[in-house]
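Work through the exercises below with the sequence and the structure at hand. Each task is followed by a solution in steps.

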Amino acid sequence: MPISVTPLEGQPLGAKITLPEGCTDPSTLSDEDFDTLYKALHEYLVVIIPNMAELPPKSQWKLTARFDPTCDQSGKAYGHGKEFRHDKSVLKRDGTSVPDQPQVQVLGQGKWEAGHYGLGEVTLRHPVHFDFHRYPLTDEEAYEKDLTRFYRWHIDSALYDLAPPVCTTLLGIHVPPHTRTQIVDYGDGEKLEVTQGATAFVSGARAFELLSSEEQKKALGTKVVYAPHPYIFISPARATSDGLTMVSEGKELPFDELPPWEETKVKELPLVWTNPITKKPHLQVHGCCLYKLKFPDGSVLELEQAREAVHKMMRPAIAPQHVYAHSWEAGDLAIFYNRGVWHSVSGQFKPGERRLMHQCNIASGKDPVNLHATSEQSTLAGTENVNAKTVKKEGIAA
């Protein structure tokens, strides 16, 4: 039997993948079956393969790399580069690397004994909003009322020097049972019930669709300029309560206090990226790391105003009805199209609770492209005029 794809019932995005009979390693799929998986990823944006708890890190890397022929096939270019472990980076506490497969990260919560794929004894820390948000929940709200927050809505990417990865693979090896739910408090009155530690996803295509016609036209020609070493730049600042962007209080590190950086490596990316399979425009922006917006008419919004503008564009897309919050089962391998969704950690764990996961993404060899910016019809209706031949000609990395 070939690979099969089943859309997730009652969810705004996502699909379940059933591997061919006898296949226990998706990195070894035939070209025909992988093509089905590749197209499903771009159509459904998040695909889940169950029962993969024993998948070796090397296979996870091979599978991840297979989605992007332009990426460094040696596996050395982890999507966040060396900045992932920089002492001042907001990412520095988010995990450790598999010694023999360093582009695969070990994430989770709690203390783990030595011996996991060559690791020594390690204590993992689940990212929590308490030390990242400007107005965190109280301990009573979080631990007695089981309220939580979206930690940080983002795209996996260094956003400096390296091109954004095409996809991320996230493997749940040890996860808590579904005996506890938490309520995501958006901070503005809206709420969403999720299972503990759920990973939340929203579609960038849906985000674009929710813009007004005028906003869509403007977005199609807009560029996002990211700060040099953005995760270090924002480290003293704090995020909004919905995790979409940062609160502007002038706390960011001055550029002359950042590690050495080069102007040519600063990322200036389209606000809208084209999906090479569906041809849909996706609103793809990392709201916490942006520095300014450049509009088609030549005008520029600096940091505070750029954050306000992006927050206004992003907020409708994270309304509860648009969020797929994945409830983890042990062995779930989630593959998400990193150039078509935003995602966020949620939840917090109590002392003694543990979780162990493997994550992999690889910097692409090419930046994403917005083909719609040069289309004669810069509207949703015009997206159908961008055909597969054009996509191939422009050389978009899948």
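A residue is called buried under 20% relative accessible area, exposed over 50%, and partly exposed in between. The model is predicted.

**Exercise 1.** Classify aspartate 31 and arginine 66 by relative accessibility, and describe the contact between them.

Solution.
- Aspartate 31 has a relative accessibility of 64%, so this residue counts as exposed.
- Arginine 66 has 24% and therefore counts as partly exposed.
- Arginine 66 and aspartate 31 form a salt bridge, with the closest N and O atoms 3.2 Å apart.
- The pair links distant parts of the chain, 35 residues apart: aspartate 31 is in helix 1 (residues 31–44) and arginine 66 in helix 2.

**Exercise 2.** Which parts of the chain does the salt bridge between arginine 315 and aspartate 188 tie together?

Solution.
- In this salt bridge, the closest N and O atoms are 2.9 Å apart.
- Arginine 315 lies in the loop between helix 7 (303–314) and strand 18 (324–326), and aspartate 188 in the loop between strand 9 (181–185) and strand 10 (191–195), so the bridge joins parts 127 residues apart in sequence.
- At 14% relative accessibility arginine 315 is buried, whereas aspartate 188, at 47%, is partly exposed.

**Exercise 3.** Find the network of salt bridges that includes Glu249.

Solution.
- Glutamate 249 pairs with lysine 251 in a salt bridge, the closest N and O atoms being 3.6 Å apart.
- Glutamate 249 is partly exposed at 34%, and lysine 251 is partly exposed at 40%.
- Arg134, Glu249 and Lys251 are linked in the network.

Note on methods: Residues are numbered from 1 along each chain as its sequence is written. This is a predicted model: local features need pLDDT of at least 70, side-chain atom pairs count only at pLDDT 80 or more; totals for chains, interfaces and linings use all residues. Side-chain values use heavy atoms; hydrogens and water are left out. A salt bridge is a side-chain nitrogen of Lys or Arg within 4 Å of a carboxyl oxygen of Asp or Glu. Helices (H or I, at least four residues) and strands (E, at least two) are DSSP runs, numbered from the N terminus. Buried means under 20% relative accessible area, exposed over 50%, partly exposed in between (1.4 Å probe, protein chains only).
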